[in-house]
Protein chains: 2
Amino acid sequence: MQINIMTLPILRDFKCSHCPIRHRAVCAHCDTDELQLLENIKSYRSFSAGESILWRGEPLDYVASVVTGVAALSKTLEDGRTQMVGLLLPSDFMGRPGRKQIAFDVTATTDVTLCCFDRKPFEKLVNDTPHLTQRLMELALDELDAARDWMLLLGRKTAREKIATFIEMLARRVHMEKDQDSLILPLSMTRDQIANFLGLTLETVSRQFNALKKDGIIDFSDRKFIAVKNIEALHAASGDDS
Amino acid sequence: MQINIMTLPILRDFKCSHCPIRHRAVCAHCDTDELQLLENIKSYRSFSAGESILWRGEPLDYVASVVTGVAALSKTLEDGRTQMVGLLLPSDFMGRPGRKQIAFDVTATTDVTLCCFDRKPFEKLVNDTPHLTQRLMELALDELDAARDWMLLLGRKTAREKIATFIEMLARRVHMEKDQDSLILPLSMTRDQIANFLGLTLETVSRQFNALKKDGIIDFSDRKFIAVKNIEALHAASGDDS
DNA sequence: CGATCAATTGAAGAACGTCAACGACCGTGG
DNA sequence: CCACGGTCGTTGACGTTCTTCAATTGATCG
């Protein structure tokens, strides 16, 4: 039996100053001195796709920034119904100072690398560093905006609109290639994960994907990629204005 | 024609130190000196029930704390479907430093009194006052937690569970009287507002309210109050665990 | 090449929305 | 004081959307 090396804590030897999320993560506003203080207490951790990062209610020993990959936050009802309540992309922050546990599960959707800070020293640092507090607030407010858009989607959009909105969101924030007249998007989630994200069943997700395909708005054959053939029609199908 | 006096800006002459939300609002962590700085730039504004406080995209000249009453945040799709995305109760904060407009409408659900700060001086004060930034962050994170619970409700709960969850939430945080064996809750929202809050139609809200009444879990005759007869059964109907 | 998991497809049903009518309540003005 | 209009709530009949259940196909990986 082979141990998956990705699940083991890994200490990478790269400097904060060369970090890919240096200017967007919690450390964005920090100056060189402040960065050094963070550097002293950071460590890296990796998780492979599908692995659980943290269970609801589990003691939260560290807080972290996502460096690479995608993690999902989800909540579950007692009978097993599950709803994703957030996606953590690179530079997003996990955990909050002053709270010892979180109210949802965190799972690695793709392989994930986290930049971790032990909670206690981090909290102390936050109290002494307005730049950190300020950035944490900005990140929380951005997440709040995203959460509110998602509430509109969950409460009022049709299945077709949900799927169109989802694909449009991918098109906006996932790095994408342009192939002739269509945008190629990597799709790291299964139908089941997408369903949990959109408040649907996996069958409905599959049907709506294929409906958009039949309408010539998107195309796919591979499981890992989808092509957006008509971005205007996609937007029109999302139900959003402008 | 009579001008509604509640719609006019009113300057109340009470000190921050005697404010009913002194220990929960954005100023919670402020010391006496910091409080004085806030006092210098604050002013009160009142809105009567149903009145719009701020439209989406409108320039945001001030930020504010809710002192009394309830305000609702809502988003609307182009064809008119609307979804409430938050409720502002006393001590909740409206607006965010660094952003000149907001992405949703704010409406007074009941008569509302706001403690307003002009945006520019407030932002300056925030930059110089870690206590304020810290509290703003806490408030944002609390709202984020609430938003995530709401996403689970909107995405995965049945109509009956939504109504039960809603009533249970009222029971927890609205000041309530105990009348014999039942809790009396003031109900300030119409069926339509509740529907927009829960992602339902007003007819479904009405039907589920009456279903819970027929089951002996709640009771009502007056439009303004409901009585919870069986709090355990109500909780069981909410779908939440524990 | 089987074994497994993801995705698709169909058929049937449940839950909720839509449309419409009606009734209760409330403030207003005659 | 009563008549009136408007808003809000209730109720019924019906339709649509999405879920549920089940079977099948397709893809991937030892």
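These exercises treat the interface and the salt bridges of a predicted model.

**Exercise 1.** Describe the contact between chain A and chain B, and state which element of chain A gives the most to it.

Solution. Start with the residues: 47 of chain A are in contact with 46 of chain B. Next take the area, about 4200 Å² buried between the two chains, with 57% of it on carbon and sulfur atoms. On the side of chain A, Arg148(A), Met151(A) and Arg156(A) lose the most area, together 19% of what that side buries. Then count polar links: 26 residue pairs are in polar contact. Finally, assign elements: S4, S5, H3 and H5 of chain A each supply at least two residues, and H3(A) gives the most, with 21 residues.

**Exercise 2.** Locate the salt bridge of Lys75(B) and Asp149(A), and classify each partner as buried or partly exposed.

Solution. The N to O distance is 2.5 Å. The pair crosses between chains, from strand S4 of chain B to helix H3 of chain A. Lys75(B) has 10% relative accessibility; buried means under 20%, so Lys75(B) is buried. Asp149(A), at 41%, counts as partly exposed.

How values were computed. Residues are numbered from 1 along each chain as its sequence is written. Chains are lettered from A and ligands numbered from 1 in the order in which they are written. This is a predicted model: local features need pLDDT of at least 70, side-chain atom pairs count only at pLDDT 80 or more; totals for chains, interfaces and linings use all residues. Side-chain values use heavy atoms; hydrogens and water are left out. Contact means heavy atoms within 4.5 Å. Buried area is the accessible area (1.4 Å probe) that two parts lose on being put together, summed over both. A polar contact is a pair of N or O atoms within 3.5 Å; within protein, one must be able to donate a hydrogen and the other to accept it, and residues adjacent in sequence count only if both atoms are side-chain atoms. Helices (H or I, at least four residues) and strands (E, at least two) are DSSP runs, numbered from the N terminus. A salt bridge is a side-chain nitrogen of Lys or Arg within 4 Å of a carboxyl oxygen of Asp or Glu. Buried means under 20% relative accessible area, exposed over 50%, partly exposed in between (1.4 Å probe, protein chains only).
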